[in-house]
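Trainee: I would ask for a close look at a single part of this structure and its surroundings.

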Amino acid sequence: MEEHKLEAFEKKWLKFYVIIVDELGYVPFTKTGAELLFQFFSGRYERASVIITTNLEFSEWTNVFGDGKMTAALLDRLTHRSHIHLLNGESYRFRQSMKHQENVEE
């Protein structure tokens, strides 16, 4: 943003058919970071696909983005015409670790 390259950066990311954001909310965003991510998602809204993985309920997203109104607007865009898959169960990584541990012990 400070180098005045943000617009070119956003246009570059619009060329991708799909963007995957893994573990959204693992670390809370600064105010500027949250605003930039909102701008990014808004720019892709109804123009290109986004896949998001997170362990957070929608009600917890305000804690990550820090602004209730912005979070509501973001969720409105992200959930419109989307497919939401709620997965419950054991962690894939944990299951793999346990399987590896069993093989080591044998």
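Mentor: Residues are sorted here into nonpolar (Ala, Val, Leu, Ile, Met, Phe, Trp, Tyr, Cys and Pro), charged (Asp, Glu, Lys and Arg) and polar (the others, Gly among them). The model is predicted, so local features need pLDDT of at least 70 and side-chain atom pairs pLDDT 80 or more, while totals for linings use all residues. Numbering starts from 1 along each chain, and side-chain values use heavy atoms, without hydrogens or water.

The lining of the largest pocket comprises 16 nonpolar, twelve polar and eleven charged residues. A pocket is an open set of points on a 1 Å grid where a 1.4 Å probe fits, with protein on both sides within 12 Å along at least five of seven lines; lining residues have an atom within 4 Å of a point. Of its 39 lining residues, I51, I52, T53, T54 and H85 are closest to the centre. Helix 2, strand 2 (49-52), helix 4 and helix 5 (92-105) each give two or more residues to this lining; helices (H or I, at least four residues) and strands (E, at least two) are DSSP runs.

Two of these elements also pack together: A34, E35, F38, F41 and S42 of helix 2 (residues 31-44) are in contact (heavy atoms within 4.5 Å) with M70, A73, L74, R77 and L78 of helix 4 (residues 68-79). Seven nonpolar, one polar and two charged residues make up that contact.

Helix 2 also meets helix 1 (residues 6-14). There, L6, E10, W13 and L14 of helix 1 face L36, Q39, F40, G43 and R44 of helix 2, giving five nonpolar, two polar and two charged residues.

Notes: Axes are lines fitted to C-alpha atoms, for helices over the stretch in contact, and angles run from 0 to 180 degrees between N-to-C directions.
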